Amino acid sequence: MKFFAYKKIIYGALCMSALFGQRTTLSDKKMVIIDTDPGGDDALAILLAAYDERLKVCAITTTYGNASLQETTDNAAYIMHRFGIRHIPLYSGSSKPLVRKHYKDYFWGPTGLDAIRDLKKHSLSYTAVQRMIRLIKKHPNKITILALGPLTNIAQAIKKDPHTMSKVREIIALGGNLGTMHELQGPEFNIESDPEAADFVFKSGIPIKIITFDTATRLAITWGELLNSSPLSVQDFILQMFGAHKQKRLTEYVYDPLVVYAASYDTASIPVSITISHESKNGGQTQGQPCLSNCTVSYIDNLNKGAIISYFSKTLNLIVSSRT
Ligand SMILES: [Ca+2]
């Protein structure tokens, strides 16, 4: 049997990992699907998850969000190619919210990766929802979904096959704003992009942990700090991505990678009851109340900045050691 065919079978049976030389065995690892809309934050989250020794990435599924579905998928494919992540399948999913129009954030520039332009076009499969369901069916109660973009793909999967999706181990999402910072009110982008999908997912009964925009902002890990703890290959990528906006970007905060840390360390969370505004304009505002019974949603609040920076450094530096 040819090496690549043999390897494909091994990875198909045990799910997939981009790690080489890992100390943890494949069966010990926490299986994850990364649902994402790259996005510079997403790019680093993908790298961390792919090289984290505790995680086994079964698939990367893309959604519209920071940019169009074509652009976010091209960006994901580019990141995977650039950093040697070859054994994780990439599936594209939703191109728009359940009922609303997609508006781009432009936080990461018009194409989602700031200054990196003219990326190769990746053909779109639109199979993210089916593949997500298929993986959950194959590994019931084992797979955690890391939700880094609008929750449309996950909502579509629950609508299509609620029984199978009830066997998702948990969802860890970057989403919502509990309004704990006076200067940071208003909806958070991922929930605001598709409040109907978010509401559906939050009410599905699947255990969901959220890291909210205010919590992540209060933590205040800057791109500059992440850059300083990264190997040269990642520094080059970050600086290329930032292009002319480098000085401004390096003082801004890192968000999506926190989800990967929470998955890797099973970070504790506090039960919360979330309501999501459905106003036709400016919907997506979240409000939290203490949850006293039948709680499936919780928020992560107890994050340690030093421990997270140390995790980023340790994990990203595996990129160098695994490729040399
Ligand atoms: Ca994102």
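Tutor: A residue is buried if 20 or more other C-beta atoms lie within 10 Å of its own, exposed if 12 or fewer, and partly exposed in between; the C-beta atoms are placed from the backbone. This is a predicted model: local features need pLDDT of at least 70, side-chain atom pairs count only at pLDDT 80 or more, and totals for chains, interfaces and linings use all residues. Residues are numbered from 1 along each chain as its sequence is written.

Student: Why is Pro-89 called partly exposed?

Tutor: Pro-89 has 17 other C-beta atoms within 10 Å, so Pro-89 is partly exposed.

Student: Where does Pro-89 lie?

Tutor: Pro-89 sits in the loop between α3 (69–82) and β3 (90–92). Helices (H or I, at least four residues) and strands (E, at least two) are DSSP runs, numbered from the N terminus.

Student: What makes α2 mostly covered?

Tutor: Of its 12 residues, 12 are buried. Among them are Gly-40, Asp-42 and Tyr-51.

Student: What is the largest nonpolar core?

Tutor: A nonpolar core is a set of buried Ala, Val, Leu, Ile, Met, Phe, Trp, Tyr and Cys residues joined through C-beta atoms within 7 Å. The largest has 90 residues, and Ala-49 is one of those with the most contacts inside it. Helix α2 (residues 40–51) gives the largest share of this core, nine residues.
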